[in-house]
Amino acid sequence: MARAACVNGYKRRAGTAEKAGGWQAARKRRKAEESGSGSSSSSCGPEEKSSHLSAALFGEDCEISREQLYELLKFAALGKGHNATQPSWCHIYHQSHLAGVVVIVLHEMSQLHFYKFYLQFKHLRKVFRHKFILKPSTNFLASLYGEGANPKPQEAAQGLTSTSSECTPESSDLPCDPIIQKYGEKKQGLTSYMLTLEEQKKNGYPIKGSPGCKGYVDTECHQQRTDSSPLFGLDCEMCLTAKGNEVTRVSLVDAQGQCLLNELVRPESTVVNYCTRFSGVTKKMLLPVRTRLPDIQTKLKKMLPHDAVLVGHSLNADLQALEMIHPSVIDTSLLFARNEGRRFKLKFLAKAVLGKEIQSEQKVGHDPAEDARAALELAQFFIEQGPAKVAELNLEMLLMTEKQAEASQKKAAFQPRRWRVQKQLKQPPHLPKPCFLDCLQVAGQKPLLLGKQERESPGLCQSNPSTSNKQILQRALEDVPLSSFSIIQFSLDPEYIASPLVAELCEKVRSKLTDMLTIYAGPFEEGFCLKSVKKEFGRCGPIQSLTVVTETYQPYVCIQYEVLEAAQLAVESLDGAEVAGSCIKVQRPVSAAMLDCDVLIKELELDVENEGVIYVAGLKKSLTETDLQEEFSQLKDLETLFLPKDLQSGKHRKCCFLKFQKSESAVDALELIKRWTVKGSKLRSRNALASGHLWRWIWQMNHSKGKQGGCILHKKMEQLSVSEQDLRKKVKKLDHHIKKLYRSLQDNTLCVVLFPGVNSMHGSQSGLGLMGIKADGGRSAC
């Protein structure tokens, strides 16, 4: 199957070449850079290249798991070698030019702490452009290196740190295998391995009724599935056309492996690249072909029984290219679950599990019938043998061994025969899973860990542990430049992060957020039209609740919005306006916590993450993302459109965020949008205050059940104010320590600051991550 990565990579390279004046110009420029020739103003040597990163964290997909973070750190530290690949959620450019990787962990602190003391974290919020929600972990620091690390005494003697996995080999590897964690050890029927609707949505499968699936053909296979339902293997080959990915060949095999369909398809649009290396399809092969996509869709609908289950490897790409919707699928790239959120290739699984060689290098391109049959047999093997038997194959270790053997083949002529012999030997039991720490050591890197250690983390050991943040900083300034990978752990005193105080902070932040989202409007005349008030204020953004206040001489209306921008827009645009026949005043609640509200709003607006981002309200619910893309396409330098959705209903909230490549373009867009109407609706807009991770967190704070007010310790008011003032000082000093450490780093250093979050019996608080690569100016490069 022609992989989407190949096509996307081709698009990026083609776009770069066009901007440079064609392929030849781009090639000449790269050669000049590599050789360091030419004038210093027009070219530079490789050592002068700066690393930078691009992360897709603007919208709602900004919650990062421990495995995804591990994926980023592994690639940053090791590059493309040592079984490391580009992270799936962000891209590091010129990784080989990174001067080092520094991870700063703020022990037991969460996103709650960052926004409670937002004004005190002056350095953090002004330096790091990329922020993301981090799923909390029970023992974050111990798991940061990945699964299966074994502490070595000699490393502790040298002042290095190693970690033990959450499940050591002695305690049995099987329960720690991701396949067992996902499916359990007992054998189940095929229906247990079909993707749920949520899994299909998460992995990009065409879903009936989705905005992006208009015009897609439904297979109409809606009969109830049982463990006896028939399996069919499906695989497609694609080429790149002016339209995008289009099908050029389709294969369907039944449960016995017989090929039912194997046809070439003529694309509708002009072919840009046949991707022959992967698809095996050439221009000459397609010349006589008259079969089109609708013909294939009709054939597949006739061939598939009403209870058919389709099997494929990354089957979502095939169904998207076929423009077809099928409700019941088994995806072997997800079935054979893997650590770190990554996937095994079909070629490797066929060899390791079935003992079959597919996608041979001697052939030109892949055979879709062969790939469809391999995926089908893999699913049948999994169903018949059960998860426990599959886990015992130890696929992760087999893959690492195979890659090491392939690398050794270039150095020794006898290695291929030795490799075949090794593959036939039974794998020894309880082999440790390959981990981040082991990979660093294989590459000759010595990780550095500085900070206080918890007594309940026996796997973490170091010599001469530091006792204070100041001592940790002093050691970091001396030792970090000597290490290519460092983890620096700072911590507030235990009394400041105890669960009762965290519960108290949580309630204070929740209360302040509620007040920032709330406005009071009035006074209104008796018998005023509430519907017209709701309509007018609804143009500023999604309303969570609206109530009439009758305790006053004249009625007022209390409105609570769902996003900060909506409340601020209402204060700015409707204060002093005539609404429902009354000239009204619009204001936020007045309380001690809200006295610095205007300062906080201004700082949020100036946050580096909100540069070039604007908020637009007044959209009709009937408008789809595609409609909005068309409406706003004329805006200069528009990069991304984010349409917030209710996390429960999935419906959009009549507002959107627009991100521009340049800040000046965002300013121009604000002026234009003020004069716009979209399908009869007058739009309102302002600078953004809360991007994806903050919007999602606010939503969770507003909708979380069980207020934690009952957990708050009852203290005297003066004692509370003193302790909080002391805590602000501690946080400010902590921010100063990080600033000093950051300034000491070399340019081109990836720096990641983690508020790991809390996940304990007292409750769960999500974490927060900030990241960037230090540039010449001292700020993170993006």
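Modeller: Ser766 has a relative accessible area of 14% and therefore counts as buried (under 20%; exposed is over 50% and partly exposed in between, with a 1.4 Å probe and protein chains only). This is a predicted model, in which local features need pLDDT of at least 70 and side-chain atom pairs count only at pLDDT 80 or more, while totals for chains, interfaces and linings use all residues. Residues are numbered from 1 along each chain as its sequence is written, and side-chain values use heavy atoms, with hydrogens and water left out.

Ser766 sits in the loop between β30 (763–765) and β31 (767–774), where helices (H or I, at least four residues) and strands (E, at least two) are DSSP runs numbered from the N terminus. Leaving aside residues up to four places away in sequence, Ser766 is in contact (heavy atoms within 4.5 Å) with Ser110, Gln111, Ile133, Leu134, Pro136, Trp697 and Gly757.

As for the charged pairs, the whole structure holds 20 salt bridges (a side-chain nitrogen of Lys or Arg within 4 Å of a carboxyl oxygen of Asp or Glu). One of them joins the side chains of Arg129 and Glu611, at 3.5 Å from N to O. Because Arg129 belongs to the loop between α5 (122–127) and β5 (130–134) and Glu611 to the loop between α25 (597–606) and β22 (613–617), the pair ties together parts that are 482 residues apart in sequence. Arg129 is partly exposed at 22% relative accessible area, and Glu611 is partly exposed at 30%.
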